[in-house]
Amino acid sequence: MGSILVFGASGQLGQCLAHVARERNMTNLVFLPEAQANILDNNGLQAVFAEHHPTHAINCAAYTAVDKAEDEVDIARKVNRDGVANLSKLCAQHNTILIHISTDFVFAGTGNQPLVETDETAPISVYGLTKLEGEQVIPEFTDRYFVLRTSWLYSEYAGNFVKTMLKLGRERDELRVIWDQLGTPTYAIDLAGCILSIIAGGNEQFGTYHYSNEGVTSWYDFATTIFELSQTTVKTTPIRTAEYPTKATRPAYSVMDKTKAKTQLGVTIPHWQESLRVCISRLAAAEA
Ligand SMILES: NC(=O)C1=CN([C@@H]2O[C@H](COP(=O)(O)OP(=O)(O)OC[C@H]3O[C@@H](n4cnc5c(N)ncnc54)[C@H](OP(=O)(O)O)[C@@H]3O)[C@@H](O)[C@H]2O)C=CC1
Ligand SMILES: Cc1cn([C@H]2C[C@H](O)[C@@H](COP(=O)(O)OP(=O)(O)O[C@H]3O[C@@H](C)C(=O)[C@@H](O)[C@H]3O)O2)c(=O)[nH]c1=O
């Protein structure tokens, strides 16, 4: 089998791909942290593609600081749109399948029904807008791509909501967490498994897919479940979005319908509580 390039390899999803590739004995992945492959550096990218002739390129590189993006529009757009254009161009030239990751934040979140892939996008943050621009630039160059929109990623790796809650739960007497934003957490290890299954199965049903864990929750219920499973005792108070001012506005409802992924990609998707249990027990084992 040919090689598979992973861009943004030192981020959360990149590290989860490394974890799952090890578990599955997949040795043909080439992990490229930003220092080795900056997706804004076309010459560097050309050299990497020429060296490896990849069958697939997985783009985990992104500007993901949601609040900071409101003040850093140019750099967010460069990474989330222009970098994706650079990769798409090279994928087209090398007949490489691009697997790109996008977000529930491309939606406004004003509805109350699980979102399907064809639902109207209307981002309400700079991060969401630049991620949508990244999705839209791909088909200008190649039709051999998968865009996987995911939400609320967490894992043992890098920074994420679960690790933040565990840290704050230890440090503080009380936490106030928003209960009127609804969505679905996604264990990045499950997403990594989905990506590697698409590749291993030789799937060529290209297009845009939704992939999160099953179920629905609020950040508040997510936080209290994290505390229950990790046996952390901390007073947790539900608050409204308006009581927790942030630079960026986040969707109030971004639950995604995964029917297309389940039928066309053939993946089975665990419930968020089941996957959270796995992650918390792995974090506890690593600490012991
Ligand atoms: N985290 C989440 O909750 C969600 C994430 N997503 C999407 O999933 C994908 C993976 O996210 P996640 O792993 O959590 O994000 P991380 O922020 O953990 O990882 C992103 C990585 O991209 C790297 N990067 C930034 N700019 C460049 C560049 N110019 N060239 C190469 N690499 C670069 C970062 O490096 P450095 O750290 O050095 O800047 C970082 O290692 C992203 O596309 C994100 O938009 C979607 C929904 C939810
Ligand atoms: C730390 C904290 C956060 N919150 C809220 C703020 C916010 O609405 C929500 C999540 O906060 P965070 O800043 O951890 O997560 P945020 O960066 O908003 O997460 C998003 O990241 C990008 C990259 C995505 O693509 C999205 O799918 C989503 O995962 O929890 C509280 O209510 N209380 C708290 O103590």
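## Helix 5 against helix 7

Helix 5 passes helix 7 in a right-handed crossing, where right-handed means that the near helix is turned clockwise from the far one by less than a right angle, and left-handed means anticlockwise. The contact is made by Phe161, Val162, Met165, Leu166 and Gly169 of helix 5 and by Phe222, Ala223, Ile226 and Phe227 of helix 7; two residues are in contact if their C-beta atoms, placed from the backbone, lie within 7 Å. These residues divide into 8 nonpolar, 1 polar and no charged. Here Ala, Val, Leu, Ile, Met, Phe, Trp, Tyr, Cys and Pro count as nonpolar, Asp, Glu, Lys and Arg as charged, and the others, Gly among them, as polar.

The axes of helix 5 (residues 161–171) and helix 7 (residues 219–229) come within 10 Å and cross at roughly 65°. Axes are lines fitted to C-alpha atoms, for helices over the stretch in contact, with angles from 0 to 180 degrees between N-to-C directions. Helices (H or I, at least four residues) and strands (E, at least two) are DSSP runs, numbered from the N terminus.

## A note on the model

This is a predicted model, in which local features need pLDDT of at least 70 and side-chain atom pairs count only at pLDDT 80 or more, while totals for chains, interfaces and linings use all residues. Residues are numbered from 1 along each chain as its sequence is written, and chains are lettered from A and ligands numbered from 1 in the order in which they are written.

An open sheet of 6 strands has the order 2-1-3-4-5-10, with parallel pairing; two strands pair if DSSP finds at least two bridges between them. Strand 2 (29–32) and strand 10 (207–210) stand at the edges with a single partner strand each, so one side of each is left without a neighbour in the sheet. From one strand to the next, the twist averages 20°.

Strand 5 (residues 145–150) is joined to strand 4 by 6 bridges and to strand 10 by 4 bridges. Thr150 of strand 5 is the bridge partner of Thr103, and Thr208 in strand 10 is the bridge partner of Val147. Helix 4 (residues 126–137) lies across strand 4 and strand 5, running at about 160° to strand 4.

## Buried positions

Which way do the residues of strand 5 point? Tyr145, Val147 and Arg149 point one way and Phe146, Leu148 and Thr150 the other way, and all are buried. A residue is buried if 20 or more other C-beta atoms, placed from the backbone, lie within 10 Å of its own, exposed if 12 or fewer, and partly exposed in between.

Tyr209 is found in strand 10 and counts as buried because it has 23 C-beta neighbours inside 10 Å. Leaving aside neighbours within four places in sequence, Tyr209 is in contact with Glu117, Phe146, Leu148, Lys260, Ala261 and Leu265.

## Around the two ligands

Ligand 1 is surrounded by 25 residues, and the closest are Gly8, Gly11, Gln12, Ala61 and Ala62; a residue is near a molecule or strand if its C-beta atom, placed from the backbone, lies within 6 Å of it. Helix 1 (12–23), helix 3 (73–94) and strand 4 (97–103) are the elements that give two or more residues to this shell. The shell divides into 13 nonpolar, 10 polar and 2 charged residues.

Of the 18 residues around ligand 2, Val66, Thr103, Val177, Ile178 and Trp219 come nearest. Helix 5 and strand 7 (174–178) give two or more residues to the shell around ligand 2, and strand 7 gives the most, with 4 residues. This shell holds 10 nonpolar, 5 polar and 3 charged residues.
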